[in-house]
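Please read it with the structure open.

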Amino acid sequence: MTTPRIAIIISSTRQARLGEKVAQWVLEHSKEHTDLAFELVDLREVNLPFFDEVASNAWAPSTSEAAQAWQKTVASFDGFIFVTAEYNHSITAALKNALDYASPEWNKKPAAAVGYGGVGGARAVEHLRGIAVELQMAPTRTAVHIGGADFFGIWQQGVELNDLPHLLPTLNTLFEELAWWTKALKTAREQA
């Protein structure tokens, strides 16, 4: 089996976002998990237009070149870590749009989450899990939640994520669960 590829998706596209810093922290600690190959995917750089296809590509081929390129990108990965802010008790519009632009490409792959915000992005992560199930993904049980004093310290006081070692056990558990599901589902997809 080739080394499974994992996309760390930065879901916020705002200029004042915290997501890039969080994603870099996840990427830095992913290097300890050499059984998977990690790569950042920034939705700001993907720059998808708002969904305007006839239907999901589960039902009709997408006509937009941007959609087709995104679908190829998603298809090239074996699993995902979504780094998501919480906007109005849910995921970002950019992430929902990116999820909507692909369907079979997400199927039978694991979805892990690192949420941040006032309550650690917990409500966004829960919404993401529901969407992931509809896309036939396997959400991991463990998610990292950066909230409360940790979130405000990073956002407003310049605290670095590596100054918060209490987050690492949960991040490592997330990596372990993601590795198991990625390998199991990759093997199953290849045998189908």
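1. The model is predicted: local features need pLDDT of at least 70 and side-chain atom pairs pLDDT 80 or more, while totals for chains, interfaces and linings use all residues. Residues are numbered from 1 along each chain as its sequence is written, and side-chain values use heavy atoms, without hydrogens and water.

2. The protein chain has seven helices and six strands, taken as DSSP runs (helices H or I, at least four residues; strands E, at least two) numbered from the N terminus. Their order along the sequence is β-α-β-α-α-β-α-β-α-β-β-α-α.

3. Of the 192 residues, 51% are buried, meaning under 20% relative accessible area, with exposed over 50% and partly exposed in between (1.4 Å probe, protein chains only).

4. By the salt-bridge rule (a side-chain nitrogen of Lys or Arg within 4 Å of a carboxyl oxygen of Asp or Glu), the count is eleven.

5. Lys183 pairs with Asp35 in a salt bridge, with 2.6 Å between the closest N and O atoms. Lys183 is in helix 7 and Asp35 in the loop between helix 1 and strand 2, so the bridge ties together parts 148 residues apart in sequence. Lys183 is partly exposed at 30%, and Asp35 is partly exposed at 31%.

6. Arg189 and Asp78 form a salt bridge at 2.8 Å, N to O. Arg189 lies in helix 7 and Asp78 in the loop between helix 3 and strand 3, 111 residues apart. Arg189 is partly exposed at 24%, whereas Asp78 is buried at 9%. Asp78, Lys186, Arg189 and Glu190 are linked in a salt-bridge network.
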